[in-house]
Amino acid sequence: MPVEVSGSLAIPDDLLEFRAVRASGPGGQNVNKVSNAIEMRFDSAAWEALGAAARARLKRIAGRRMTAAGLIVIDAQRLRSLEQNRADAVARLVAMIRAALVEPKARRPTRPT
């Protein structure tokens with residue numbers, strides 16, 4: 001099921017890759033036995049629905065989370081369960097993409113009063 005970003009924009013499932021890894025932090029005795037953190041990879045270079053200007057803004061917003069090949073890697077391990085961490089990673093990606101879709105206003109130079 002595609003991840004909806006906005007009313008007309010959705011991320012196809014084949015561009016998202018999830019991998020369960022061991023997490024540090026909360027989890028009690030299970031932290032050493034259970035892989036409850038998520039490493040999500042999103043191939044932004046293969047997503048044609050994103051325009052060139054929005055792609056450049058997404059690269060700036062993602063920072064070092066984006067590789068040279070255009071993969072955005074998000075590690076989610078704040079919560080205790082695998083499903084919650086997966087939802088957290090998807091929500092963080094959607095927030096980054098929504099921020100990249102907003103075009104900044106052009107600055108008009110003014111004179112001091």
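**Contacts, core and surface**

Reply: Start with Ile72: apart from neighbours within four places in sequence, Ile72 is in contact with Met40, Arg41, Phe42, Ser44, Leu58, Ala62, Arg65, Met66, Leu93 and Met96. Keep in mind that this is a predicted model.

Me: Which residues touch the most other members of the largest nonpolar core?

Reply: Ile11, Phe42, Trp47, Ile72 and Leu93 do, in a core of 25 residues.

Me: And which elements give two or more residues to this core?

Reply: Strands β1 (3-6), β2 (9-11), β4 (37-43) and β5 (71-76) do, along with helices α1 (52-62) and α2 (82-101).

Me: Which of them gives the most?

Reply: That is α2, with seven residues.

Me: Back up a bit. How many helices and strands are there in the protein?

Reply: Two helices and five strands. Along the sequence they follow the pattern β-β-β-β-α-β-α.

Me: On to aromatics. How many aromatic pairs are there?

Reply: The count is one aromatic pair. It is formed by Phe42 and Trp47, whose ring centres are 5.7 Å apart with the planes at 75°, so the pair is edge-to-face.

Me: Why edge-to-face?

Reply: Because the planes of Phe42 and Trp47 are at 75°, and angles over 60 degrees count as edge-to-face.

Me: Are those two buried or exposed?

Reply: Phe42 and Trp47 are both buried.

Me: What lies over the face of Phe18?

Reply: Arg86 does, at 3.8 Å from the ring centre.

Me: Next, β5. What is Ile74 in contact with?

Reply: Ile74 lies in strand β5. Leaving out neighbours within four places in sequence, Ile74 is in contact with Ile38, Glu39, Met40, Ala89, Arg92, Leu93 and Met96.

Me: Why is Ile74 called buried?

Reply: Because its relative accessible area is 2%, and buried means under 20%.

Me: How far is Ile74 from Asn36?

Reply: Their C-alpha atoms are separated by 14 Å, and Ile74 and Asn36 are 38 residues apart along the chain.

Me: What about Asp88, buried or exposed?

Reply: Asp88 is in helix α2 and counts as buried, at 12% relative accessibility. Beyond neighbours within four places in sequence, Asp88 is in contact with Ala76, Arg78 and Leu79.

Me: And Ala52, buried or exposed?

Reply: Exposed, because Ala52 has 67% relative accessibility and the cut-off for exposed is over 50%. Ala52 lies in helix α1.

Me: How far apart are the C-alpha atoms of Ala52 and Arg80?

Reply: They are separated by 37 Å, with Ala52 and Arg80 28 residues apart along the chain.

Me: Now the whole protein. What is its radius of gyration?

Reply: The protein has 17 Å, whereas a compact globule of 113 residues would have a value near 13 Å. The C-alpha trace spans about 65 × 40 × 30 Å along its principal axes.

Me: What share of the residues counts as buried?

Reply: 33% of the 113 residues. The protein exposes about 7,700 Å², with carbon and sulfur atoms supplying 52% of that.

Me: Last one. What share of the contacts with a separation of 6 or more comes from residues 24 or more positions apart?

Reply: Such residues account for 59% of those contacts in the protein.

Terms used:
Residues numbered from 1 in each chain as written. Predicted model: local features only at pLDDT ≥ 70, side-chain atom pairs only at ≥ 80, totals over all residues. Heavy atoms only, no water. Phe/Tyr/Trp six-rings, centres within 6.5 Å; stacked < 30°, edge-to-face > 60°. Buried < 20%, exposed > 50% of the residue type's maximum accessible area, 1.4 Å probe, protein only. Lys NZ or Arg CZ within 6 Å of the ring centre and 35° of its normal. Core = buried A, V, L, I, M, F, W, Y, C linked by side-chain atoms within 4.5 Å. Helix = DSSP H or I, 4+ residues; strand = E, 2+ residues; numbered from the N terminus. Contact = heavy atoms within 4.5 Å. Rg over C-alpha atoms; globule rule 2.2 N^0.38 Å. Areas by Shrake-Rupley, 256 points an atom, 1.4 Å probe, with all protein chains shown as cover.
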